[in-house]
Amino acid sequence: MHILVLGGTGFMGPHVIRSLVAEGHLVTVFTRGNLRPELPTDVQCVTGDYKKLPEYRDQFHGLAPEVVLDMIPITEQDALNVVTTFRGIARRLVVISSQDVYLAWGYVTDKDRGPVDPHITEDSPLRESRYQYRGRKLPIYTEWDLENYDKILVERAFQIDPELPATILRLPMVYGPGDPGHRVFPYLKRMDDGRAVIPIEQSAARWRAPQGYVEDIGLAIALAVINGASIGRVYNIAEPDVRSTADFIREIGEAVGWKGQIIELPRGALPGPWDAYRMDQHVVTDSSRIRRDLGYQEIIPRTEALRRTIDWERAHPADPSAMAMFDYAAEDRALAEYGNSASADFLQTP
C-alpha cells in the first residue's frame, strides 16, 4: 500500500514511518525540509509548503497514495486544505488530533464549566469553548498558529466528506527521546542537581492525565493507517494506567536512583505555571477501543521507555531559557514556610 505522510519528520513521525516500512508499505513523506537520516533509505520525499497544499494536487495525483496520514493539522483551514487536495485521489485519511478536545481538558485550561467526569472515552463530551490557547504563550510550540489552533474544528473539517473517510487519533501527552516539551527534564534536573526534596503544588502532584511513550504512539498510529477496521473511527491513544504527576516523578526517581522526597505544597506557595490550570480536574483516558479494534498494545516496557528518555534528556538538555523554572532559593523559602504543615501530606519515593 502506498501511504503519503504529511509532516512526519519531527518527534513522532519517524517512529510511524519505520513501522509502516517494516510492514512492507511504500511511504512518501511531504515535508518542507529534508528527511531525517535515520529513516529507511527507500522512503520517498516530496518537498513543499503544507500551508499551500492544494497547489501540489497534480503532483499528488501522480503519486496516487491510497492513504494520507496528516501528522500536523493545527487549524480548521489546514484540514480543509487536505480534504480539498486529496478528494478523488486518496481512499481515506488518518488524522492526528489531541485529547484536549474533551470537556475535561476545557476545564483544566479554565475555559469551560466543570468539574466534569474524569473518565474519558471517545464518546465523552467535547469542549464548548474554542481556541483555548489564544493569548497564551507555549514556548515549545512557537511554530504553531496558536491563535487559530483548535482540534475540534480540525476533526469536524476532516469529517465533512463521506467519500473521503477519516480516522481520528486523539493523542495524549507524549514523552520520549526528542520530546520538544522536555516533560521529564524539570524533575530529572532537580534529581541530577542533588535536590533532596522536590516540592510541587498539591493538586498538580495528584493530577492524573494520559501519557504515552513516543515509540508506542508511533506504532498505534501505524496500526490505524494500515488496518481498514479503523476507517471512520475515532480512537484515544494512551497508556492503560493513567498515573499521577507524583507517580511519574517517582518512576523517574527510581530509574536514576534518587532517594529524595516529593512534598506537596498549597496553591500559590511556589513560583510556576500551576495557577493557570485547574489541576483538580483529572483526565483518565480509556484507550480500550484501539486495543480491541486494532490489537494495539505497548511494545516498550515503561522502565525501558523512561531509561531511553532520561538518557536523551541528559544528552539534550532544554534550552537555557527554560532554566528560569529552577529557582531553588524560592523553593527552599516555600519549604521553610509551609514545610511543617505539608509534611503530613508528603509523598516519599519508596
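Leaving out neighbours within four places in sequence, H182 touches W312, E313, H316, P317 and A318. The model is predicted.

**H182**
- H182 sits in the loop that runs between β8 (173–175) and α6 (185–192).
- The relative accessible area of H182 is 14%, and H182 is therefore buried, the cut-off being under 20%.
- Among the contacts of H182 are W312 and E313, and both numbers fall within helix α11 (residues 302–315).

**Packing of α6 with α11**
- The axes of α6 and α11 are 11 Å apart and the two helices pack at an angle of about 75°.
- At that angle α6 is roughly perpendicular to α11, because angles of 65 to 115 degrees fall in that class.
- On the α6 side the contact involves F185, L188 and D192, which meet I310, E313 and R314 of α11.
- Sorted by class, this contact comprises three nonpolar and three charged residues, with no polar ones.
- E313 of α11 takes part in the contact with α6 and is also in contact with H182.

**Largest cavity**
- One cavity of 30 Å³ or more turns up when the whole structure is searched.
- The space inside the largest cavity comes to about 30 Å³.
- Its lining consists of A209, P210, Q211, E239, D241, V242 and R243.
- Three of the lining residues are nonpolar, one is polar and three are charged.

Methods. Residues numbered from 1 in each chain as written. Predicted model: local features only at pLDDT ≥ 70, side-chain atom pairs only at ≥ 80, totals over all residues. Heavy atoms only, no water. Helix = DSSP H or I, 4+ residues; strand = E, 2+ residues; numbered from the N terminus. Buried < 20%, exposed > 50% of the residue type's maximum accessible area, 1.4 Å probe, protein only. Contact = heavy atoms within 4.5 Å. 1 Å grid on protein atoms, 1.4 Å probe; cavity = no way out; pocket = protein on both sides within 12 Å on 5 of 7 lines; lining within 4 Å. Points joined across faces, edges and corners; volume = space filled by probe spheres on them. Nonpolar A, V, L, I, M, F, W, Y, C, P; charged D, E, K, R; others polar. Axes fitted to C-alpha atoms, helices over the stretch in contact; angles between N-to-C directions. Parallel < 35°, antiparallel > 145°, perpendicular 65-115°, else oblique.
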